[in-house]
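Student: I would like to learn how to read a protein model step by step. Could you take me through some features, giving the general idea before each case?

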Amino acid sequence: MATFLYRLGRGAFRRRGLVALIWVALLFAAGFGAASAGAPTSGSFSIPGTEAQKAFDLLDKKFPGMAADGATARIVIKAPEGAKVTDPGPKAEVQKIVAGLKSGPGAEQISSVADPYEAQAVSQDGSTAYVSAKYDVSGMELKDETREALKDSGTAAKATGLNVQIGGDALMAAPETGSGEIIGIMVAAIVLVITFGSLIAAGLPLLTALIGVGIGVSSITALANVLDLGSTTSTLAMMIGLAVGIDYALFIVSRYRAELAEGRERDEAAGRAAGTAGSAVVFAGLTVVIALVGLAVVNIPMLTKMGVAAAGTVVIAVLVALTLVPAILGFAGKKVLPAGEKSRLFGKGARSNSSGADEKKANGGTRWARFVLRRPVMVLLAGVIGLGVIAIPASKLEMGLPDDGAQPVSTTQRQAYDLLSEGFGPGFNGPLMVVVDGDKALADSTVDRIKGLEGVVAVTPPTSNESGDASVITVIPKDRPSSVQTEDLVHEIRDGSGDDVLVTGATAMNIDFSQKMNDALLPYLALVVGLAFLLLMLVFRSILVPLKAALGFLLSVVAALGAVVAVFQWGWLGSLFGVEQTGPIMSMMPIFMVGVVFGLAMDYEVFLVTRMREAYVHGERPGQAVVTGFQYSARVVVAAAVIMIAVFAGFIGASEQMVKMIGFGLAVAVFFDAFVVRMAIVPAVLALLGHKAWWLPKWLDRLLPNVDVEGESLRKHLERSPQSPEGPDKDRELVNA
């Protein structure tokens with residue numbers, strides 16, 4: 001592989017014009033496709049195999065045209081102090097709201113609007129009422145004019161002194177991440193400038209990463225409606241693609257500069273960078289792809305599509321790093337180096353190889369590695385105990401899906417949620433829908449049974465379909481939708497019913513979704529870690545090094561979950577991260593972090609330990625190989641980690657709680673994994689293991705194919721053949737032209 005990538009990188013350098021043209025053409029083609037495609041919808045959401053999904057499917061069959069999974073809205077109206085919504089003035093305003101929804105803009109997407117005075121949607125004290133609106137499509141599929149009409153529906157009523165707030169998923173929109181990503185990119189740029197000491201070298205990874213992300217996200221947008229990808233898919237792809245795109249380019253550029261420092265010609269340096277660091281990029285990218293594609297084991301179509309689309313963006317980032325980066329290095333010329341390096345390498349008499357002094361020169365990485373080698377037990381215990389303490393809150397993890405109660409208190413959705421809770425009880429924010437597949441007698445007996453359950457506030461009479469063989473019952477719980485008590489109530493209704501009585505609705509769907517994610521976590525973890533273990537065994541020709549990598553990852557991801565619980569569930573330092581409302585952790589968070597963080601964590605393992613393996617294969621002692629790995633890779637790994645943390649942290653400023661939580665979780669996980677596990681625990685373990693770290697049974701060594709990530713076969717190949725048919729002088733003349 002190293003030899004193939006060497007030829008690929010050198011060829012891209014020499015044919016840089018053609019390579020750059022191809023990538024720019026791909027960017028324009030993807031952009032044209034995205035501009036020509038319609039706006040992406042929310043994508044269909046289904047959870048195969050769950051009772052809530054079976055109930056939705058039954059509703060579609062028995063109640064055609066009901067649009068059971070359509071968006072809902074609740075316009076909550078509260079009268080001023082001392083007045084009631086049943087008074088003539090407020091009542092007239094409420095009825096105007098009902099009439100406006102039925103006949104105003106976007107009315108064609110509304111299937112029903114319930115008058116609160118006819119639907120008994122007025123609180124006992126008469127202070128509050130709510131108008132229920134049902135739509136034919138999901139919240140993300142609503143037209144802009146429909147959503148704007150809903151937002152404006154209470155404007156006139158507010159002018160009379162009524163408090164009008166709107167809740168429900170009809171106001172759902174694509175999450176706004178604000179300027180967070182821009183700040184993340186700016187931080188990345190600063191880190192790159194500090195790392196490379198050259199604006200050109202710093203800008204190169206940013207440019208190539210943005211091109212790769214542009215192609216990936218534009219392709220997703222172009223295919224969103226065709227493949228039913230959903231509007232949130234591009235957010236994940238952009239988050240992952242931008243982080244790995246910058247990192248992969250960073251490692252190629254860094255290795256290119258190191259090769260130049262050893263006196264290589266520019267095209268030769270590009271080829272060797274692609275053959276060595278490029279091999280690490282390929283395998284690091286493969287671990288990320290495995291983790292993302294592995295989300296398919298959860299068997300939730302939306303999550304599978306998100307993972308595959310993000311994996312496609314990672315593949316593009318790898319291809320960009322192996323081809324476009326060497327090509328742009330060809331255009332950059334000497335500007336990729338700091339001023340002092342330019343004169344030393346390209347000035348008069350610069351033909352001599354100066355690697356001898358440079359290779360012996362100590363830097364921060366070597367000093368840290370030597371410190372760890374002197375005190376491996378202390379460093380190992382400090383890292384493990386520290387992460388273990390941070391992981392303690394993860395033992396109290398409560399999972400669920402956020403509802404309007406998790407919105408910031410300034411939003412109309414949250415205020416509507418609070419008004420409903422005050423006027424009718426918290427359970428009105430999450431009614432349960434019970435579907436009875438049977439005659440009226442079965443429906444009536446189901447109503448009687450549910451009324452006798454503790455935790456039920458109200459049960460509506462059954463509504464039957466035209467043929468009378470199915471009914472729908474609405475159950476109002478006593479507690480809020482995301483509470484443990486409401487979850488227990490759902491299970492109690494199901495346990496006491498047969499196969500003909502199914503519980504669904506948004507609350508039940510959230511409960512089933514959380515359970516499905518819990519059930520899939522261990523199989524997913526086994527699949528992803530198992531495949532990556534085999535992949536790393538190929539890379540490092542070792543059993544203990546991949547095992548140590550996997551265990552270190554588990555430690556960092558559990559610690560990151562502990563931090564997420566402390567901030568978003570317990571509220572510790574919540575104001576610092578813009579958390580206005582604590583609550584259960586999003587149910588997909590653990591499995592999502594396992595997938596994404598595992599792939600990203602293995603990046604640093606591959607980049608850092610590959611250089612150690614390279615030194616060890618070339619004859620260095622185990623301890624010296626660790627120092628050599630840190631000498632060449634520590635600075636770049638630290639820069640890459642800071643960049644990735646900055647990119648993920650940029651999403652903490654998102655308005656949507658889910659995006660905010662994902663951004664925080666990924667940023668913290670990368671911090672723990674890069675700076676504690678890879679930079680401290682890994683060298684400590686390798687120091688303690690010595691030669692045993694690189695042990696592999698001979699029979700297994702014969703079975704495993706040799707992928708040559710450390711470039712040993714490439715070195716032998718280059719020793720047997722000249723750099724260029726026309727000799728090194730002609731080669732220098734060619735590449736410096």
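Student: Leaving aside its neighbours within four places in sequence, which residues is Thr-50 in contact with?

Tutor: Before the answer, a word on the source: this is a predicted model, in which local features need pLDDT of at least 70 and side-chain atom pairs count only at pLDDT 80 or more, while totals for chains, interfaces and linings use all residues. Residues are numbered from 1 along each chain as its sequence is written, and side-chain values use heavy atoms, with hydrogens and water left out. Contact means heavy atoms within 4.5 Å. With neighbours within four places in sequence set aside, Thr-50 is in contact with Asp-512 and Lys-516.

Student: Where is Thr-50 found, and is Thr-50 buried or exposed?

Tutor: Elements are read from DSSP runs, where helices are H or I with at least four residues and strands are E with at least two, numbered from the N terminus. Thr-50 is found in the loop between helix 2 (16–36) and helix 3 (51–62). For accessibility, buried means under 20% relative accessible area, exposed means over 50%, and partly exposed lies in between, using a 1.4 Å probe and protein chains only. Thr-50 counts as buried because its relative accessibility is 8%.

Student: Which phi value does Gln-120 have, and which does Arg-541 have?

Tutor: Gln-120 has a positive phi of about 55° although it is not a glycine, and Arg-541, also a residue other than glycine, has a positive phi near 50°. Gln-120 lies in the loop between strand 2 (110–114) and strand 3 (128–135), and Gln-120 counts as exposed because its relative accessibility is 74%. Arg-541 is found in the loop between helix 19 (506–540) and helix 20 (544–569), and Arg-541 is buried, since its relative accessible area is 8%.

Student: How should I read a surface patch, and which residues form the positive one?

Tutor: Patches are made of residues with over 30% relative accessible area and no salt bridge, like charges being joined within 9 Å and nonpolar side chains (Val, Leu, Ile, Met, Phe, Trp, Tyr) within 5 Å. A salt bridge is a side-chain nitrogen of Lys or Arg within 4 Å of a carboxyl oxygen of Asp or Glu. Lys and Arg count as positive, and Asp and Glu as negative, while His and the chain ends are not counted; the place of a charge is NZ of Lys, CZ of Arg, CG of Asp or CD of Glu. Here Arg-367, Arg-370, Arg-374 and Arg-375 form a positive surface patch. One of them, Arg-370, lies in helix 14 (residues 364–374) and counts as partly exposed because its relative accessibility is 36%.

Student: Which residues make the nonpolar patch?

Tutor: Accessible areas come from the Shrake-Rupley method with a 1.4 Å probe, and for residues only the protein chains shown count as cover. Val-377, Leu-381, Ile-385, Val-389, Ile-392 and Leu-688 make a nonpolar surface patch of about 560 Å². Helix 15 (residues 376–391) gives the most to this patch, with 4 residues.
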